[in-house]
Amino acid sequence: MARRNEHSKPELRALAIGTVRTLVAEQGLEKLSVREVARRLGYAPAMLYHLFDNLDDLILHVNADTLDTLLDRMDAAATMENPRAALTAMAHHYLELSRAQTPLWQLVFEHRMNQGAPVPAWYQRRTRSLFLMVEQQLERLAPWATERERLLGARTLWGSLHGICVLYLGDKLDVAGDVDPREMVDSLLRHYLADWSATTDHRPRADQKGARS
């Protein structure tokens, strides 16, 4: 391992984030500590506190990398002409990320800030960006829907999708029989979006227009 003065601060931060990703993939969140990260890097633990505020800050930067991967995939799906197809592709990217990078995906949702410390604004902006991408597709699907309806719809979809992922990763879908999670995701999107776009339709109907004239 090169000594500290052979790495710039951004390089050291990237190394620390990469080391945490490796540790979490190998051991999960429970055994993660500043001491172990520093030992893997070949530096004293105090070095990490020159790069990050604390272990929470380091974990949030690791989680930000995971979210950035998802954001990139969702951004590519957002260019699809059909908003239903775009939302379905986004959902499949979410499912695939949970399968391909399970420990890191779990870290995003299992990590809790120490002593209830607030989540910093820079991280909240990332999570907001994920929901915003979904809301934008819902707006394309139903331009007449209100902002509140889009917000609620995006979070309802996420909650349902996340539940499928959790059950799948915990081998709990076997209880219901041999069900493909991808087929479950397709069914969720197909039926929910059809109902959502119909029940949020506030446009005046032809018979209503005639009654007003």
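Author: What follows starts with confidence, then turns to one helix, and ends with contacts between helices.

This is a predicted model. The chain averages a pLDDT of 90, and 92% of the residues score at least 70. Confidence is highest in helix α5, residues 83-100, at a mean of 97. Confidence is lowest in helix α10, residues 206-212, at a mean of 53. Where pLDDT is low, the predicted coordinates should not be read in detail.

Now take helix α9. Helix α9 covers residues 181-199, which makes 19 residues. From its first C-alpha to its last, α9 reaches 27 Å. That is close to the 27 Å expected at 1.5 Å a residue.

Start at its N-terminal end. Asp180 caps that end of α9. A side-chain oxygen of Asp180 lies 2.9 Å from the backbone nitrogen of Arg182.

Which residues of α9 are buried? They are Pro181, Val185, Leu188, Leu189, Leu193, Trp196 and Ser197. The general rule is simple: an α-helix has 3.6 residues a turn, so residues three or four places apart point the same way.

The buried residues of α9 have partners. They pack against α5, α7 and α8. Of these, α7 runs over 121-141 and α8 over 147-169.

The face turned away from the buried side carries exposed residues. They are Glu183, Arg190, His191, Ala198 and Thr199.

Next come the salt bridges. The structure holds 7 of them. Begin with Glu135 and Arg155, whose closest N and O atoms are 3.0 Å apart. Glu135 lies in α7 and Arg155 in α8, so this pair ties together parts that are 20 residues apart in sequence. Both of those helices also pack against the buried residues of α9. Glu135 is buried, with a relative accessible area of 6%. Arg155 counts as partly exposed, at 29% relative accessibility.

The side chains of Asp68 and Arg126 meet in a salt bridge, at 2.9 Å from N to O. This pair links distant parts of the chain. Asp68 is in helix α4, residues 55-77, and Arg126 is in helix α7, 58 residues apart. Asp68 counts as partly exposed, at 26% relative accessibility. Arg126 counts as partly exposed too, at 25%.

Stay with helix α4 for one more residue. His61 lies in this helix. Is His61 buried or exposed? At 17% relative accessibility, His61 counts as buried. A polar atom of its side chain lies 2.8 Å from the backbone oxygen of Asp57. Leaving aside neighbours within four places in sequence, His61 is in contact with Arg13, Ile17, Phe52 and Trp122.

Finish with the bridge between Glu26 and Arg40. Their closest N and O atoms are 2.9 Å apart. Glu26 lies in helix α1, residues 9-27, and Arg40 in helix α2, residues 34-41, so the pair ties together parts that are 14 residues apart in sequence. Arg40 is partly exposed, with a relative accessible area of 32%. This bridge belongs to a network of salt bridges that links Glu26, Glu36, Arg39 and Arg40.

Terms used
Residues are numbered from 1 along each chain as its sequence is written. This is a predicted model: local features need pLDDT of at least 70, side-chain atom pairs count only at pLDDT 80 or more; totals for chains, interfaces and linings use all residues. Side-chain values use heavy atoms; hydrogens and water are left out. pLDDT is the predictor's confidence in each residue, from 0 to 100. Helices (H or I, at least four residues) and strands (E, at least two) are DSSP runs, numbered from the N terminus. The expected span of a helix is 1.5 Å times one less than its number of residues. Buried means under 20% relative accessible area, exposed over 50%, partly exposed in between (1.4 Å probe, protein chains only). Contact means heavy atoms within 4.5 Å. A polar contact is a pair of N or O atoms within 3.5 Å; within protein, one must be able to donate a hydrogen and the other to accept it, and residues adjacent in sequence count only if both atoms are side-chain atoms. A salt bridge is a side-chain nitrogen of Lys or Arg within 4 Å of a carboxyl oxygen of Asp or Glu.
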